[in-house]
Amino acid sequence: MAVWVEVDLCDGCRRCTRECPYDAIEVRDGKARIGDRCTSCGACVDKCHHEAIRSDIQPRVVPDFSEYKGVWVFAEQRAGKLSRVSVELLGKAQELAKQLNEKVSAVLIGYHVTDLANTLIEFGAETVHLVEGPIFKDYRTESYTHVFQELVSAYKPNILIMGATHIGRDLAPRVSRRVGSGLTADCTDLSIDPDEGILLQTRPAFGGNIMATIANRFSRPQMATVRPGVMEVVPAPSTKGTVIPHGSTLTEDKVRTQILEFVKEETPHVDLSKAKIIVAGGRGVNDTAGFELLRELAVALEGELAGTRVAFEAGWIPASSQVGQTGITVRPELYIACGVSGAIQHRAGMSDSRFVAAINKDPYAPIFKVADWGIVGDLFDVVPELTRQLRTACEVMCD
Amino acid sequence: MNIIVLVKQVPNNTEVKLDPKTGNLIREGVDTIVNPDDLQALETAFTLKETHGATITVLSMGPVQAIDALSEAIGMGADKAILLSDRAFAGADTWATSFTLGKAIQRVEKFDLILTGRQAIDGDTAQVGPQIAEYLDLPQVTYVFDIEKLDTGYVQVKRRLEDGYERIQCSLPAVLTIIGGRSKPRYPEISKLLSACTKRAPIEVWNAADIGVTTAEVGMNGSLTQVIKTFAPKFERQSEFLEGSAASVARDLVERFKRNKLI
């Protein structure tokens with residue numbers, strides 16, 4: 001792609017030099033000359049009165065991708081344990097593949113993980129690409145990227161989705177750049193456009209105040225990461241799947257990282273995604289003492305304590321208790337939000353709760369838009385009172 | 001040792017509010033900040049500068065106003081800064097962004113380490129760091145919360161996982177994306193900050209021609225993904241507001257819990 005001057009037509013008028021945003025044109029010996037700084041932006045072309053500046057810049061066209069077929073899911077596993085999100089993604093992949101009349105495949109990489117292939121088939125994978133070897137024992141960015149590069153160039157999948165986990169969010173961008181594909185992060189919905197047949201990827205954007213639907217028209221595979229807990233698991237007991245082993249050419253000297261050890265952190269781990277009642281706090285709770293009030297309420301309800309990103313970053317709650325876009329997604333029977341303004345990132349993680357109660361000083365706080373019951377007031381008055389009455393209620397019922 | 005830190009200027013998210021009537025984003029009076037994870041990356045770089053000695057170059061892509069973020073970084077202790085600013089860069093997705101930053105990094109002299117935040121609070125993608133690492137063919141470690149050791153040719157770091165952390169050794173040069181660790185980002189020093197706001201400040205502004213790219217490769221034209229539709233998130237519930245004293249609203253709430261068999 002280039003811009004050039006037809007010297008015979010140029011009269012050295014300097015209109016182009018004035019127009020160029022990059023100071024890339026100079027007039028020498030009465031003729032315009034385009035230098036190294038030209039970015040082919042084309043700003044000069046229309047300015048020339050003698051049509052002396054020519055350009056071969058073409059309008060962008062969508063290439064033909066008809067040979068790319070199949071919906072692929074990265075089957076993330078660690079130490080032989082399949083991550084739940086991979087199974088969730090197979091559920092969505094079945095739906096997408098059906099609409100496209102294509103097949104669902106899973107990519108399983110590891111060491112001694114053959115058994116997991118059957119699980120993947122039971123949940124919808126018609127093909128499992130199995131890549132095994134000691135070099136793949138631990139997840140490492142470069143080794144797994146290498147495998148995806150080999151598989152994508154061999155099989156040309158149409159769609160490739162991964163969980164938006166710490167591994168998926170490390171691997172997906174690396175693979176996308178390697179195979180030359182666009183990538184959409186942390187999607188909360190995926191669907192197929194009925195006219196164009198392309199993947200529509202929906203995610204929160206602009207500080208989360210807007211949802212954006214994104215398409216990947218110019219490259220294949222169409223890649224996305226998907227938040228854990230969003231898609232439904234769909235068992236597919238009648239699937240007849242085949243396992244295709246893939247022998248990778250990768251050697252250890254091509255991998256520049258080494259896992260020295262994995263340290264499991266034994267935080268009192270509560271599985272919030274299974275909690276029936278959750279009491280959550282945000283910025284308005286102010287401090288650890290404030291969270292103590294919330295904890296008492298949670299205990300009175302036999303529920304669990306959670307919080308927003310602000311609460312996690314302030315150190316009031318552990319990372320495993322952070323609800324929202326960068327935390328976890330929950331669907332309890334009852335979600336009580338205290339001092340939570342309700343930024344979309346937070347709402348994205350809790351709006352599927354069956355009932356939501358919100359306590360906030362600000363009557364315009366967005367949390368009220370997803371609440372069944374709203375209390376505009378000071379949580380430091382309301383929460384202890386609520387705890388007290390619930391304890392009494394329990395005593396009455398226990399009698 | 002030379003360290004490049006990539007930062008982004010972002011809207012101060014906590015101050016972003018929706019108009020209660022229209023549901024639109026209220027943009028007036030929204031100030032900008034240096035992205036929080038990027039501040040952690042800067043702090044990590046300054047700590048390494050103190051312990052190992054380093055020259056720190058800060059690089060950002062954004063509108064001209066983003067120079068404020070670079071001034072702040074210089075106020076905190078960075079040696080020089082480069083802003084990639086060009087109308088042609090606008091509307092870039094992470095593909096085009098990582099290409100543009102990657103091209104610029106290739107023009108910066110030799111470096112040992114590239115540090116950046118795990119993700120920016122406006123886009124939340126966490127993609128640009130790894131995509132730059134791939135573009136430059138460098139190893140990467142993401143979600144880094146501690147640098148244990150920095151030696152000739154390698155770095156030893158801790159990477160956060162959902163249920164613990166990994167200790168990883170990585171050869172240099174490398175790209176590390178940083179999340180909040182033990183130390184709080186330092187405040188800029190007033191004297192340095194003032195000098196960063198003068199004409200002689202060590203801040204350069206580069207455009208598409210300076211990094212040797214065509215406008216078709218960057219910005220919206222160079223992006224592989226496009227936003228095709230935006231819409232307000234669904235608000236599905238009509239909140240019933242309970243009013244009165246703390247005792248009375250608590251009573252009303254407990255009554256509703258019981259009615260719906262929640263307790």
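Between chain B and chain A, 10 salt bridges are counted, a salt bridge being a side-chain nitrogen of Lys or Arg within 4 Å of a carboxyl oxygen of Asp or Glu. The structure is a predicted model, in which local features need pLDDT of at least 70, side-chain atom pairs count only at pLDDT 80 or more, and totals for chains, interfaces and linings use all residues. Residues are numbered from 1 along each chain as its sequence is written, chains are lettered from A and ligands numbered from 1 in the order in which they are written, and side-chain values use heavy atoms, with hydrogens and water left out.

Side chains of opposite charge can pair when their charged atoms come close. Polar contacts link 43 residue pairs between chain B and chain A, both residues at pLDDT 80 or more. A polar contact is a pair of N or O atoms within 3.5 Å; within protein, one must be able to donate a hydrogen and the other to accept it, and residues adjacent in sequence count only if both atoms are side-chain atoms. On the side of chain B that touches chain A, helix H7 (residues 246-259) of chain B gives the most, with 10 residues. Helices (H or I, at least four residues) and strands (E, at least two) are DSSP runs, numbered from the N terminus.

In total, 91 residues of chain B are in contact with 94 residues of chain A, contact meaning heavy atoms within 4.5 Å. The two chains bury about 8,200 Å² between them, 54% of it on carbon and sulfur atoms. Buried area is the accessible area (1.4 Å probe) that two parts lose on being put together, summed over both.

An open sheet of six strands includes strands of chain A and chain B. Its order is E19(A)-E18(A)-E20(A)-E21(A)-E22(A)-E15(B), with parallel pairing. Two strands pair if DSSP finds at least two bridges between them. Strand E19 (304-307) of chain A and strand E15 (240-242) of chain B stand at the edges; each has a single partner strand, so one side of each lacks a neighbour in the sheet. From one strand to the next, the twist averages 20 degrees. Here axes are lines fitted to C-alpha atoms, for helices over the stretch in contact, and angles run from 0 to 180 degrees between N-to-C directions. Strand E18 (residues 277-281) of chain A pairs with E19(A) over four bridges in the parallel sense. Ile278(A) has Glu304(A) as its bridge partner in E19(A).

Chain A is divided into domain 1 (3-55), domain 2 (71-251) and domain 3 (272-398), with bounds from an automatic or database domain assignment. The C-alpha centres of domain 1 and domain 3 of chain A are 64 Å apart.

Strand E2 (residues 25-28) and strand E3 (residues 31-34) of chain A pair in the antiparallel sense over four bridges. Val27(A) is partnered by Ala32(A) in E3(A). Two residues lie between the strands of this hairpin, where Asp29(A) takes a positive phi near 50 degrees. Asp23(A), not a glycine, also has a positive phi of about 50 degrees.

Over all chains, the structure holds 42 salt bridges. Arg169(A) and Asp186(A) form one, with the closest N and O atoms 3.0 Å apart.
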